[in-house]
Structures are given as structure tokens and as C-alpha cells.
Amino acid sequence: MKQEMYAPAGTPVANARAGKSKIGYLIKDIVRDKWLYLMLLPGIFYFIIFKYIPMYGVTMAFQDYKPYLGFFESPWVGFKHFERFFSEPQFGMLFRNTVILAMYNLLFFFPLPIVLSLMMNELRHAKFKNFVQTLVYIPHFVSWVVVVGIFYILFTTENGILNEILYQITGQKIAFLLEAEWFRTMIISQSIWKEVGWGTVIFLAALAGVDLQQYEAARIDGAGRWRQLWHITLPAIRSTIIILFILRLGNFMDSGFEHIYLMLTPTNREVGDVFDTYVYTIGMTQAQYSYSAAVGIFKSVIGLILVLGANWLAKKFGEEGIY
Amino acid sequence: MRKKLALLMGSVLLATTVLSACSSGNNQNAATNSPEASQTPQAEAKPFDLSIVVNQVGEIPPKGNPIEQALAKYTNTNLEFQWIPTAAYDEKINVMIASGELPKLMKVGYIPTTISAMKEGLFWEIGPYLKDYENLSAQPQSYFDNIQVEGKIYGIPLFRDMGRAVVQYRKDWFDAAGLAVPKTLDDWYNVLKAVAEGDPDKNGEKDTYGLLLDKNYNQNAASTLTRLSVSQGGPNKWGVDDQGNFTPEFMTDEFFATMKLFKRLYDEKLINQDFSVVDSATNDKAYESGHVALRISGGNAQTMLTNLIKVVPTASLDVAPMEGPAGIRLPGESGNAGMLVVPKSSVKTEEELRQVLTFLNKLLDKEMVYLLNKGIEGTHYKVEGDFTIPLDKDKDFKEVKPYRDTLIQRGDNYNMDKPMKESDLFLKNKKMVRENENYVVKNPALVLDSAIFTERGKELEQMITDAETKFIMGKIDEAGWQAEIEKWKKAGGDQLMEEYKAAYLKDKQ
Amino acid sequence: MVQDKTIGNRIFDTVNYTLLLLIALLCVMPFIYVLAVSFTSPAEVAKGGLILWPKEWSLASYRYIFSTNTLVRSMLVSIYITVLGTLINLIFTSLMAYPLAKTHLRGRQTILLAVLFTMLFGGGMIPTYFVVKALHLTNTLWSLMIPGAISAFNLIVLKNFFQQIPDGLEDSARIDGCNEVGVLFRIVLPLSLPAMATFGLFYAVGHWNQFFNAILYINDNTKWPIQVLLREVVILASSSIGDSTIDSTEIQPLTIRMAVIVFATIPILLVYPFLQKHFAKGVMLGSVKG
């Protein structure tokens, strides 16, 4: 019964082959799924009201927006802000820094929550597992100011704890917080420390969905732990990993302003200055709303291209992707 | 079953509409017990409704607290304070401007956003009215000069001292080593070297510094580089000659000599090696734990001493003015912590404007000067002879400071016959700051208008301040420094100098 | 559970346990620092260095922060918006995610694309403020719950979770005569407890950390959640003294700052252990299928 209710009618191809009018099928499908559509309504209203109605604010990027003139009175300037942005002498440097940092994040940060949650998944003592889980998730709640403050206490050359140890061993100190070459390492390790535990939460939820019977069956077949991991666990969370990866690409150009800004010094700015910090610096003497909005749009367009591209690729490989 | 679920579903949908429909009346909720008793006892004449938006200072005082009541009663107003946390002050102001929900009086900074709003006529120009208010017009003109926009005055400054910089030093160490407060740059080098290497705390370890810099050491008005180079005869940020040609401080010999001094100190490890990342709070701890000999500070030395003697009970501090080879000389600061402005959209008539100004004028009456500076007699302070004695500093901090920091007052500089009883060090520091006002060097570009500054002022500034740090740390040499200046000129520095010159000559006429 | 006793497994376990223990300790250390500083006397803190255990205990900072009722009041506001807000989030998000998980639904891709779009482009602060104001939500706590009722990110990931649930389970309910709403609440949600716990946690933490919208939408400071206070304390402490006309108070700001952080963080930290039982491996799925 359900077979004929769902599978055939759901494929447009089947409809077309049946030769009936498309609109007829559309109406039939909508009537059939009336409950589903009803359930969608609150959400659709939500997105229209709170996301799409305010969307006119995007026009700010093409105006010289002034708060007291508003969106309708501020003068239109076309692509002026984009032109200024692209012709800035630092544009190349900012772009490079932003992209390199984002790549580092994807390479070194993104896989770690997966690894950590798989490690935790292998723990058998439920109490120990809960204990570890609770502790690794704590740093997420420590603000960047405090994180950077703690790293200062550890890494500074003036009585920094790690540098003192380093000095005892090697007789030298390393200016981790000053040297440009250490900047990205510090940023990524701070991100890892703060957010990896938090990142495991979603994978643990995905892992909780794995059917235990599969493991038992595999064990009876003589599969070891690595094979179980490879053939049961990973496939079970693959689609979650892919979805998260694709969504992460949407924020590719976001570097985490507060974090970076707190770590910037005159001697590492050449590798540390990113779009987010640049916009902030510009805005310090003049709240350049329109200019910031233009930079934001640029970042979003790149994010959109990446998301759509990655999603297209995922679908090519038979994954569900985002939509 | 189906019905039940449909009902549930329906109620969820209904909830959405109800939530949005009835919320304006929804002032109650489980968590708040708002003290709505803000109505102050009303006096004879009809009180003037006055809404005020200022930034939050410490904790937000509850509505209708005794200070607010006393303020309202004396000024005959219905006061409605709105305290906005610093974390979102600018954004909130922007939303208020965009949605036309401005109060009658609000605090803004002298920053390009506000300046452009003033030019657009968003706020009342109050300059011409000031003469009618005895207290407001009695304040030194220089404070008003520093907030003018195209020669017009749009606000009342929140007065602060203009010449705050003093040298604060460990008197016990200096006496023991027979050192004197430095005057020339060579003096500075010798003194700092002597302290850093002479083990003044006699603990056998090399753990003392002559001076600590923090990452803001060359930023804004409190820049250590500027303060030192001005004492040596340099300009305050900008120098200007008779023809109106502007020269930035970093192109002067005095400034470069100061930079070379710090480079030498850095190379010889006589100042903290991590100065470009350390924040001032961390340095404060080092000062207050007795590891540093001297600082150039805008704060009162007593604050440091109070904390210092908890760790080093034998410590003593003294203060000295910023004195160079040619006597006392120091950079003048803006003299305000923002200003109060009157938006035209909420204060529609001149009559209403006069009522707001009357309120501000009354704040400088003796009664209000005492209230804002000291609180309520018997609660926060008592009178003893020619002085007042604070009774409860915690209470003062929580209840009086929010008003003191956001409404206008000039401490004991105006309309206060009985100053607060303070320690000798505190009074010496304070007196020095007051006398400093005779020696301040003005920043000639402070109120000058420049398009390029508005567009990329901070960027240009950062270019140079970064180069200063790199020079001191030895990342670039003298040639590299000159190259950075050339870069700065090309990136807009030349234009900035030209625009300042044009604006200066225009103002002069 | 059957234990594998090979040597390889034992080595794996030992390494795994040790490594995780180390990681856990590394993660908790800074919090211990924050905790320790909050209980240390200001004079001790003034000496500087990393404090992991107070040498001189002091409750001064806690006495200070509890000396007014502001902290407790804003804590209650935070709890209120977190609990109610998260409930609203979960209902709205799962209601929308469930139909979108049905691949046969017409218009599904368009809606998902439209949702995705809002993750990348937004109208910004001021237009959103106008919407919130037009709906008369300003100055009410609803302004902290309704405008963020559905997170596009959570919606898309939850949709993905729903898609993993085998159709067979839902069909049995349909045969019992449930409509789709019934299927969602009777079958899908109970089967998705780990996901519900996860997104509940995400939303709850989001609500807990709100401060900006509160300042923006609510003028009455008695309705502000605890994070507004926390922010202000942290910012105030990080700006240097010297501007005030009076001495700073006796108490070292750092210790107070840390005490506020502790007080504002503990409640949300406690949420996770309570949710943990829902992460137990495959409980529901196994039982239903068996």
C-alpha cells in the first residue's frame, strides 16, 4: 500500500511517463502531502519574516548608508565600495591570509572532532566516557579574551611558563606570540583547544544512531576493531561529515574576528591581517557601514560558490548533500 | 489520535501568532521583578521629562535610587536614564538613530560618525546659547574648542584633565641608588639601566625593570612615545609652522631620538621584550607587585601605591612632572570623555532645548557638584572641617560613579569649596595634573577636518605605529623606517598633510 | 558486550584511554585557573603567574558580586529564555526539518536552497530590528527567542539526521493511522533523541550566550540576561584604570571577573552531563528494530 502511495508518485520522471498532465500530478502530490506542507508553514513564515523581509538591508553595500537617512534616502553609489575594496593595495595580502587560515582550519581543525569522537566511541567504560566528554566540552565556554590571556601566560617570553621550560632545556626562548611564522600555528592550536571537544557533540549524536546489531554481526564474522570502524562506524557518520563540511565552506572566509584581533601584533600583521580585522580597522575612524557590507557580500558570494560547488560534487558521488 | 495531534499542531501554530501579537503587553515574566517605582516625588512646577542615554559604568543603578531622586528633585525633571553597555554602545546608538528613537540627551564620542551626524544637523548647535548659562559659560573655552566641528559647538564635554601625564617612580629605590628623575633622553637611558641592573629589590635576582611598555605604548593621546618626545621639545602628534604646513610627530628629530632610545633599551633588554603583545592590566600587576621602577601614567599614583604596599609594605612612590631639557612640557589630551548632545528629533523646540541646557547648567551648581562627585552626605561622605571624608568607597563606586562618569562635573575645579580628604601623594599628583595644564602642547590637528582621515585614518596610523614597533624591535633599520614613512606618504599621508593645512588655514581666517 | 582480548586491542585501549585522559585534563586546566583565581585573595593574584590552586583563599569576589541582586536576577532571565527558547527552537526546527527530509516532497529543493541562502546573506542589524519592532517584540523577552527560532545550520543537519531513519519504522505508524504529524512526534522524535539532545544543546548554548540582541532589543536592563553583565565586567576590567577621578576599589578586578565567569558558566556546563544519557549508543534504534 505504501509502495504505491509513495515511491512511484514521488518521481517526476514517473509522472511524465504516465502521460498525464503535470499540473494534475502536482496537485495530487500536494494533496497527498498536505500534512507535510502544513508542518512546513511555520518554518516558511519564520524565514520569510525574519530572514527575507530584512534582506533589503543588503542594498546598503551599494549605497553610502547613513543611519539618519536610512535605506531609502541614502545615496546610491553602485559598485563604488567594491571597486575600492578590490583596488586596495592590501587586498592581495588580506585575501591570501584569509584563505590560508581557512585552509589550515579545514585541514587541521575540521577532521579532529571526528577523530576525537571516534576515539571516545571506542571507550567501553560509560562513566569514563561521560567524564571525558564533559571535560573536553568545557573550553568552548571560555571566551577568547580568557583563552588568549591564558596563552599569554604560557607562551610569552617574559616568564611564560612554556618558554621558561624551553629555556631550561635549550637555553633559548621563542617569541611565539610575536613572530609571524608562529602566528598560524598559535591560532589553529587555540581553535583546536577551544572548539574540538564541542565539535565532537554532533558526531557523537550521529554515532549514537549506529545500529549495535551490525557490530555484533561483524564480530561474529571475525572483523577486528579497525574493520568495524572502517566498514560500519565511518559509513554511518559519513553523510553527517559531508554535510558539516559543505556548511563549513559557507563560512570559509570568516576567520573569527575576536580571536584573530586579540592575537594580532605589529610583527605578525603581515600574515595575520584578514578581511574581518581589516574591516574593523577601517571602521574605527568611520563606521563605514556600506563598505563593511560590501566586504561581507564579497565573502558571502565566495561562500555561496563553494557551498554550491561542494554540494554539486557530493551529489555527483551519490551523496545526499544539503538539498 | 489524529484529532489530538491536529489540536497540538494547531496550538503550536496559534502560539506563533499569539506570541507575536500580544507581546507588547507582555512586560511580566517569571524572572524579573522590575522596580517600577521610578516616579519621583513631584514638586511645585511641572517637572520636565528628560530621557538620557549614556554608557554603563560598573553596575547599572536601579531606577529611582536616591542619587537619581536627588538629581531629579534639584533639577525639577522626570529623569529617565538608559544605560547601555559599552560592548554594544555604538550599535545601539546607530539603531536608535535609524529608528528615530533618540533621547533628549545622549552621550557620544568625538568620532567621525558623530562628527558627520553633527554636520548633517542631527543635533542642536548649542554654542550660541551657552552665554545664557552661567555655569556652562564659566568653563574654560579650550574644552569646548576641542569638540568643535567646523567651528561650531554641538555638545557639552564630559570634562577630563588635559595634562594627565606625570612620572610616577619608586622613591625608595631612587633614594637608595641616588638617582634623580630623568630629564634628557640620556638621563632616561642611564636611570632605566641603573634600576634594571642594580637589583633595587635586593633579592639577588635580575627581576626588575626600569619601565614597562604595553601594546598601546604608541597609541592615541596616552602614547608613551609622544609623551617622551614632547618633553624633549617635539610636537604633540602634529607640528604646524607659520605657513600652516603640517608635519607628523614621527618625522621630527625628537620623536626619532625617542624611538632610538627605546630601541637601545630593547636591545639591551632593559624593557620588557614582549611589550608589543602585553596588555596594560598585566603590566599593572608587575608594577603593583614591585618589579618596576618608573612609569609615565595618566592615573593617580595613589592607586598604584595602595595595591603596591599590599605586596611590598616598605615601598614608597613619588610623582614628578614630565620635564625635559627646556622645562615641563607635555602633550595636551582632548579634555573630555565624550560629550552630551541634544538630538533635534526628540527636542523639537528651542524652548525645550533651553530646558535641557538648564538641566545641564544646574549640574554644575554647588549642590549637584557635591552630589555627582561625592554622593549624599551621611551616606557616601561626611564633612570634616575644610574637607569631606568618604564613608564607603564601595558604595560610592556602585551608586555615585555611574553618574559622575557620565554627567558633567569638573571635580574640585569648579564650585567645590571642600575637596575630598586624600593622601599627600594623591593630592600631589592631582595638583601636578592641574598645573600641567599650563604646560600642555596642543595637538593642532585635533579638530581639523580631513576626508582622507575619515576614510582611512586608522589604517595610516597603524602603518606608522607598526613600523615604530618594528624599528624598536630591530625588525627594520633606519633605512627601513624611512621607507615606511615614504609608504605612508604615498598611501595617503601626503594628502592628509595637505588636507590638514587647508582646513587649518580655513579655520584661521 | 563481548570483549576482544588480543594484544593489539589492549595496546589500542591503553593508548586511547591515556590520550583521552590527557586531552581532558588539558581542556579543564584553564577552567581550573579561572575557578582558582576567583577564590584567591587579590594580593595573591597581584603577584602574577598561573594559579591552579588558591594559596590564600578568599570569598571577597563572590561577596562582591552577590552584594546586589542583579546577578541572580539576570541569571533567572537567562534560565528562562534558555529553557523556553530551546523548546520553541526544537519544535519549530523539527517541524520544518521532518517534511524536508522526505525526498519526494515537491518544492523541497527550492525551500532548502532558500534556507541555505539565509546562512550566507542577511539584511543585517537594522532591518531585522525594524521587523522585531513591527511585531511588537522589542522590550520583551520574546525578542530573544522568536527572531532566532530556527537556525538554518541546525535545520539542515537535523534534516539529514531524519533522513537516516529507516522508512520502515515510519510506515508501521502510518498503517496504524497516524498522519505525518503523528509520525514525527510518535516515531521520529523518540528515535532521534541523540539528535534532539544535540540540537537542544546547541540552541541552549546559543540562548545562554546571547548578549548583543538583549542590549539591542530590550531597553529595560532588569530584563537583561547574565551574559550582558559578564561582557560588561570583562570589558570594564580589561580597560585600564586612570580615567576615573577616584581610586579603584579595594578588590582586584581580575578576581571579580573570574568569579562572574564562573557564576555565568556553571549552569550551562551542567546541561551536558544531564543530556549525556541520550547519547548512549543506539538505544532506541536497536530496541525498535528488534
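**Labels and cut-offs**

Modeller: Arg170(B) and Asp172(B) form a salt bridge, with their closest N and O atoms 3.0 Å apart. The model is predicted, so local features need pLDDT of at least 70 and side-chain atom pairs count only at pLDDT 80 or more, while totals for chains, interfaces and linings use all residues. Residues are numbered from 1 along each chain as its sequence is written, chains are lettered from A and ligands numbered from 1 in the order in which they are written, and side-chain values use heavy atoms, without hydrogens and water.

Biologist: Why is the pair Arg170(B) and Asp172(B) called a salt bridge?

Modeller: A salt bridge is a side-chain nitrogen of Lys or Arg within 4 Å of a carboxyl oxygen of Asp or Glu. Arg170(B) and Asp172(B) have N and O atoms 3.0 Å apart, so the pair meets the rule.

Biologist: What makes Arg170(B) buried or exposed?

Modeller: Buried means under 20% relative accessible area, exposed over 50%, and partly exposed in between, with a 1.4 Å probe and protein chains only. Arg170(B) has 2%, so Arg170(B) is buried.

Biologist: What separates Glu197(B) and Lys193(B) in helix α8 of chain B?

Modeller: Helices are DSSP runs of H or I with at least four residues, strands are runs of E with at least two, and both are numbered from the N terminus. Glu197(B) and Lys193(B) are separated by about one helical turn because they are four residues apart in helix α8 (residues 185-197) of chain B. Their closest N and O atoms are 3.5 Å apart, and they form a salt bridge. Glu197(B), at 44% relative accessibility, is partly exposed, and so is Lys193(B) at 28%.

Biologist: What makes the salt bridge of Arg238(A) and Glu319(A) a link between distant parts of the chain?

Modeller: The side chains meet at 2.8 Å, N to O. Arg238(A) is in helix α14 (residues 225-250) of chain A, Glu319(A) is in the segment after α18 (289-316), and the two are 81 residues apart. Arg238(A) is partly exposed at 44%, whereas Glu319(A) is buried at 16%.

Biologist: Why is Lys194(A) called buried, and what does its side chain meet?

Modeller: Lys194(A) has 6% relative accessibility, so Lys194(A) counts as buried. Its side chain makes a polar contact with the side chain of Glu195(A) at 3.0 Å. A polar contact is a pair of N or O atoms within 3.5 Å; within protein, one must be able to donate a hydrogen and the other to accept it, and residues adjacent in sequence count only if both atoms are side-chain atoms.

Biologist: Which residues does Met258(C) touch, beyond those up to four places away in sequence?

Modeller: Met258(C) touches Tyr33(C), Val34(C), Val37(C) and Ser38(C), where contact means heavy atoms within 4.5 Å. Met258(C) is in helix α13 (residues 253-275) of chain C, and with a relative accessible area of 4% it is buried.

Biologist: How many residues are in contact between chain C and chain A?

Modeller: 101 residues of chain C are in contact with 95 residues of chain A. The buried area between them is about 8,900 Å²; this is the accessible area (1.4 Å probe) that two parts lose on being put together, summed over both. Five salt bridges are counted between chain C and chain A, including Arg108(C) with Glu320(A), whose closest N and O atoms are 2.9 Å apart.
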